[in-house]
Amino acid sequence: SEPVILGDTRAGVRTLTLNRPDRLNAANDALLLALTEELRAAEADPAVRVVVVTGAGRGFCAGQDLGDVSGRDMTFTEHLNHTYNPLIRTLRGLGKPVVTAVNGVAAGAGASLALSGDIRLWAQSASLIEVFSNIALVPDSGSTWFLPRLVGYHRAFELMALAERVNAEEALRLGLCERVYPDDTFREEVQAYAERLAARPAHALKLTKQALNAAMTGTLDEALDHEARLQQLAGDHWEHEEGVTAFKARRAPEFVRE
Ligand code: T3D
């Protein structure tokens, strides 16, 4: 049968495609574990500089596959700790930029996944629903952490309580995505964006991601200390030398080396 995650590497960009299109890529355990495994493999692969997570067909991810829950031999807590939580931790902790390319509806844990990217690119017809309350569950997979940081407590609560659909225009306005592209050129735009990101200094971006993630939960004092430590690692790296040399020579820096 078809793999639940499709993987393709082009020009330093590893694209991982959720592949259960007839279910709007609703997540079963196989999909969640395979995606986490693929992210770990992308981390380890020196040919990969940027990871894109997207969906096949008209949906991005409709969240937990509700056909897969009954008869399960795990509690909810066990299930989250086994599947969604390692996925979100791996994605956010990855030492490479992760782009979530939201091609269609992102619902429930699929919305959390859409929000978890370092960069979030949306197709014009994409949408996001904090759908959990429709089935009387609590937002999970990081939605309770991501959303209030993006829109504030009150808007987050309203989106969660009413489970209203947020369209791409509104998502851009609310800060739930960085860019919106027309549906018919979406895949090409995502690849072009990801290639731009892949040309940036990979080591510096890895440290930047570390610093930002720590700063999201820390104090200014902690951020200043962390920046001072990470700046040493960045400053000692060849990327920094290349950046400064290129600036002085009035040429573009070349941050991709074999
Ligand atoms: O550990 C745990 O298990 C807890 C974890 C929870 C995490 C969660 O994500 S809870 C939230 C689970 N997700 C949902 O409740 C979303 C359910 N789906 C919807 O509300 C709607 O499908 C959408 C708003 C996402 C999209 O609506 P629409 O009208 O564009 O599409 P549709 O016709 O509803 O769906 C198309 C097909 O996908 C349809 O199948 P069919 O009729 O063509 O055979 C539909 O049943 C199927 N589908 C959509 N979402 C799911 C699904 N099948 C299983 N699970 C789904 N989540």
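Here are a few notes on charged residues and one hairpin in this predicted model.

1. Some ground rules. Residues count from 1 along each chain as its sequence is written. Local features need pLDDT of at least 70 and side-chain atom pairs 80 or more, while totals for chains, interfaces and linings use all residues; side-chain values use heavy atoms, leaving out hydrogens and water.

2. Strands β1 (residues 5-10) and β2 (residues 13-18) pair antiparallel over 6 bridges; strands are DSSP runs of E with at least two residues, helices runs of H or I with at least four, numbered from the N terminus. Pairing takes at least two DSSP bridges. Between the strands sit 2 residues, and Ala 11 has a positive phi near 50°.

3. Now look at Arg 14, which stands opposite Thr 9. Arg 14 makes a salt bridge with Glu 38, at 3.2 Å between the closest N and O atoms. That pair joins β2 to helix α1 (residues 29-44), 24 residues apart. A salt bridge here means a side-chain nitrogen of Lys or Arg within 4 Å of a carboxyl oxygen of Asp or Glu; the count is 10.

4. How covered are these two? Arg 14 is buried at 18% relative accessible area, and Glu 38 is partly exposed at 22%. Buried means under 20%, exposed over 50%, partly exposed in between (1.4 Å probe, protein chains only).

5. Over in helix α6 (residues 153-162), Arg 155 reaches Glu 170 in helix α7 (residues 168-174), so the pair ties together parts 15 residues apart in sequence.
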